[in-house]
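Notebook open, viewer open. I'm jotting down what I look up as I go.

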Amino acid sequence: MSAANDVSTSAKASSRWRVSEVLFWIVVLACPFLFPSRYLIMTDILRLALFTLSLDLILGYAGIVSLGHAAFFGVGAYSAGLLALHGIINEPVLALIVAGLAAMVLGFFTSFLVIRGVDLTRLMVTLGIALLMEALGERFSNITGGTDGLQGIEMQPILGMFAFDMFGKTGFWYCLIVLFLLFLLARRIVHSPFGLSLRAIRNNPLRASAIGIPVNRRLIAIYTLAAFYAGIAGALFTQTTQLASLDVFSFERSADLMLVLVIGGTGYLYGGLIGAVVFKMLQELFQAITPQYWLFWIGLVLVIMVMVGRARIHRWVLWLPNLVIRQIAGRKATVVVPEADAS
Amino acid sequence: MTTVFTILFDGVAYGMLLFVLACGLAVTLGLMNFVNLAHGAFAMTGGYICAVLVNNQGWPFFAALPLAFVTSAAIGAALERTLYQHLYARSHLDQVLFTIGLTFMSVAAVDYIMGSSRIFIKLPSALEGQFDLFGVGIGRYRLMIVVICGLLTLALQLILSRTRFGSRLRAAVDDPRAAIGLGINVPQVFAFTFAFGCGLAGLGGALSAEILGLDPYFPLKFMIYFLIVVTVGGSSSITGPFLASLLLGIGDVAAKYYVPKMGPFVIYTIMIVILIWRPNGLFGRTAAR
Amino acid sequence: MTVTLETRDLQKSFGGLKVTRDLSLKVEQGARHALIGPNGAGKTTVINLLTGVLQADSGRILLEGQDITDLAVHKRVLRGLSRTFQINQLYADLTPLETVGLAVSERLGRGGDWWRRMGTRSDVNDEIADILTRFHLFDVMNELTATLPYGKQRLLEIAVAIAAKPRVLLLDEPAAGVPESERHDILAAVSALPRDVTVLLIEHDMDLVFSFADRISVLVNGAMLVEGPPEAVARDPQVKAVYLGEGADA
């Protein structure tokens with residue numbers, strides 16, 4: 001039946017790899033060769049990108065505003081740290097997965113609180129959970145090391161073969177591979193029927209249930225998955241920096257994360273990656289001016305972004321690349337525009 | 001037995017303080033469905049104004065309090081007219097981002113101007129210490145807070161139930177669209193309420209410096225408390241937030257006294273249980289639409 | 001004839017206001033049943049009760065003899081009770097293909113598939129193609145819904161409801177706001193609905209009701225006033241009084 005073939009082709013069109021996407025990853029791959037002395041900051045960007053990807057899954061795709069996503073980052077970070085410190089799991093990849101699963105368990109149980117109620121309740125619950133985790137960390141400082149954090153974490157070689165080096169080269173490639181694999185998974189998911197149903201839920205939950213979509217079950221699933229991603233990001237943080245202290249749970253971390261995501265744009269997966277690069281560059285710039293009052297500048301960026309309008313800023317930024325593509329290819333621009341800006 | 005009463009009294013004082021701090025937030029949320037996470041910044045402003053006037057300028061404490069109210073209200077009104085009013089129709093995400101941005105800016109600005117350490121406001125000696133009432137220790141300062149906040153609450157209740165403005169406000173909270181249809185100038189009512197709420201927060205900030213501590217991170221530290229008050233209390237009346245504040249205050253003080261090591265968990269656990277049981281708040285019709 | 005959809009003594013109040021009073025409604029298998037009534041009669045509340053958006057204070061709802069009173073909204077859809085919306089609630093930034101695809105995926109139990117891309121299951125594709133063709137949406141299936149003409153959007157609305165393969169379809173004012181020129185498509189689509197689908201039509205437009213329905217229930221102040229075949233309802237003095245009293249509402 002040719003009509004069905006047409007349907008199949010059209011339905012698959014959105015999940016096909018675009019030239020701009022391939023170019024993007026080629027640029028990412030080129031970075032370590034272009035900036036061989038900047039492994040540490042590039043690793044930092046990759047971890048932040050993964051963490052932001054996690055927030056994009058729930059905020060950009062499912063419409064859940066979270067003020068406490070650092071809770072899962074922190075659980076991942078401490079799990080990885082404790083596993084390595086006490087020699088429970090020495091192999092980093094296995095420890096990474098276990099740490100992700102630990103965050104995922106917390107995500108699953110707290111998702112039942114998050115799906116209830118309206119935005120305001122969600123804000124309070126997500127913020128409350130992160131604060132609760134922080135307070136727990138303080139209460140059991142004999143385990144977590146309190147404000148000093150875990151001391152003396154030593155990482156074993158990855159898969160028993162690749163030792164972490166002092167320039168951060170191994171750490172960089174490790175983070176890049178993890179990020180890329182999880183990105184592929186996320187990309188697969190958002191182009192599946194499940195991913196499509198999330199967008200329907202974000203736009204109009206009532207309508208979604210009238211189509212037959214089990215709204216709560218889908219939200220629980222994506223929230224749990226996002227917690228796993230955040231846990232992995234946290235674990236990567238501990239494994240590559242050999243640090244885990246209470247500030248992994250801090251509110252500023254959750255708030256920065258939202259800023260990173262809105263800089264990059266929500267709901268098209270690349271927002272976290274682009275946002276992380278821009279955010280780190282802004283951070284270097286502002287910290288050069290007034291290292292102590294960095295918070296002020298973050299705040300100012302947030303206020304300006306909202307007042308000017310996130311969608312408008314993204315249109316300005318995309319104007320030049322789109323123009324170039326139109327001139328060269330002589331066709332409609334293919335640079336993806338963040339879709340959730342309208343909401 | 002007498003400690004129970006002391007704790008109860010301290011909890012009530014603490015709760016009433018929280019109510020004065022947060023009630024503006026509850027009303028603006030109910031009226032415009034606007035999530036203002038920067039509410040604590042107005043409280044901090046009031047606190048610092050009062051501190052500067054009393055400590056540096058030598059003003060008497062009770063003369064500085066009204067000025068804390070007025071200044072915070074004026075700043076609130078100015079920001080409402082210039083910035084906030086453009087965001088009422090925007091998504092909650094935008095509102096959250098914007099108000100977090102404002103909060104961060106206020107934190108860094110106060111840190112820059114006033115320094116990062118906790119400050120104290122010099123209190124008149126009449127307010128220091130405590131006295132015994134039937135064996136129950138009553139802090140003078142806390143007694144004053146109960147009196148002032150109690151009077152404020154009564155006044156608010158009277159304004160809401162007896163005055164023309166109150167009935168307009170209630171109509172607007174109940175159904176903003178219908179209220180516009182009735183010829184009520186909802187944006188004006190809102191602007192006034194917003195400024196008044198900020199003023200109350202400023203007054204609360206000045207009063208709370210002694211009890212809650214005042215430093216540049218105040219707006220972030222107490223954000224969760226304000227959110228608890230409005231989500232648990234609901235935003236359809238001020239009775240809900242008032243009872244929620246008392247519950248939170250007594251619960252927090254009691255938890256810190258009896259199980260100091262488990263301090264914050266008790267409050268968060270109570271909050272979570274309440275929200276599982278009643279997702280829209282204990283007393284509210286809806287926490288927010 | 002068997003009864004497909006039935007309500008027994010349905011009651012609903014908001015505060016002190018009774019909006020649904022002892023409503024007992026029987027819709028027969030394959031019927032073209034219309035529910036009419038003046039503004040404020042409580043028609044929307046009835047739809048919300050039937051679909052599960054609102055919970056009834058008392059009374060039961062039965063679908064094909066099974067009690068669905070306490071089922072969640074999406075479970076009723078999977079049981080075969082589907083609806084259209086009166087005001088436009090379509091997904092503006094999805095295409096007709098995606099919108100219909102969502103409904104078909106859920107019905108075939110594939111909505112939770114997260115490892116498979118859209119468009120890779122032939123059973124889903126076949127059904128999407130079939131529905132898009134039937135509702136004249138095939139050539140616009142990749143346009144954003146927001147850019148479609150209003151008439152096409154109303155067709156999509158019905159198509160989405162049909163994609164759930166309902167046994168009972170609630171049509172909430174399907175032609176509301178559609179310009180005269182595009183009306184014909186809607187009426188044709190509604191009358192071309194398969195006979196094994198039972199239709200409950202909620203409508204203001206009396207022409208549409210009388211050309212379509214084989215049974216009419218009149219709702220006034222949340223209670224059933226009259227029920228019967230169209231001719232009988234048209235002649236009924238009580239109905240005349242209500243509608244004449246209401247002015248040009250009909």
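Ground rule for contacts: I call two residues in contact if their C-beta atoms, placed from the backbone, lie within 7 Å. With that, no contact joins chain B and chain C, and their closest C-alpha atoms lie 11 Å apart.

Housekeeping on the source. This is a predicted model, so I keep in mind that local features need pLDDT of at least 70 and side-chain atom pairs count only at pLDDT 80 or more, while totals for chains, interfaces and linings use all residues. Residues are numbered from 1 along each chain as its sequence is written, and chains are lettered from A and ligands numbered from 1 in the order in which they are written.

**Entry: who touches whom**

I looked at the two pairs of chains that touch, and the most contacts are between chains A and C. Then I turned to the A/B pair: 33 residues of chain A are in contact with 38 residues of chain B. Which elements give two or more residues to the side of chain A that touches chain B? They are α6 (119-139), α12 (251-264) and α14 (294-308) of chain A. (Helices are DSSP runs of H or I with at least four residues, strands are runs of E with at least two, and both are numbered from the N terminus.) α6(A) gives the most to that side, with 12 residues.

I sorted the residues of this side of chain A by type and got 25 nonpolar, five polar and three charged. My classes: Ala, Val, Leu, Ile, Met, Phe, Trp, Tyr, Cys and Pro are nonpolar, Asp, Glu, Lys and Arg are charged, and the others, Gly among them, are polar.

**Entry: chain A overall**

I count 15 helices and zero strands in chain A. For its 343 residues a compact globule would have a radius of gyration near 20 Å, and chain A has 20 Å, which agrees. (That radius is taken over C-alpha atoms, and the globule rule is 2.2 Å times the number of residues to the power 0.38.) Its C-alpha atoms fill a box of roughly 65 × 50 × 45 Å along the principal axes.

Of the 343 residues of chain A, 51% count as buried. Buried means that 20 or more other C-beta atoms lie within 10 Å of the residue's own, exposed means 12 or fewer, and partly exposed is in between, with C-beta atoms placed from the backbone.

**Entry: a hairpin in chain B**

I found β1 (130-133) and β2 (136-139) of chain B paired in the antiparallel sense over four bridges. (Two strands pair if DSSP finds at least two bridges between them.) Leu133(B) has Val136(B) as its bridge partner in β2(B). The two strands form a hairpin with two residues between them, and Phe134(B) in the turn has a positive phi of about 50°.

**Entry: chain C**

Chain C comes to nine helices and 10 strands, and 45% of its 250 residues count as buried. Its C-alpha box is roughly 55 × 40 × 40 Å along the principal axes.

I traced an open sheet of four strands in the order β2-β1-β4-β5 (chain C), with antiparallel pairing.
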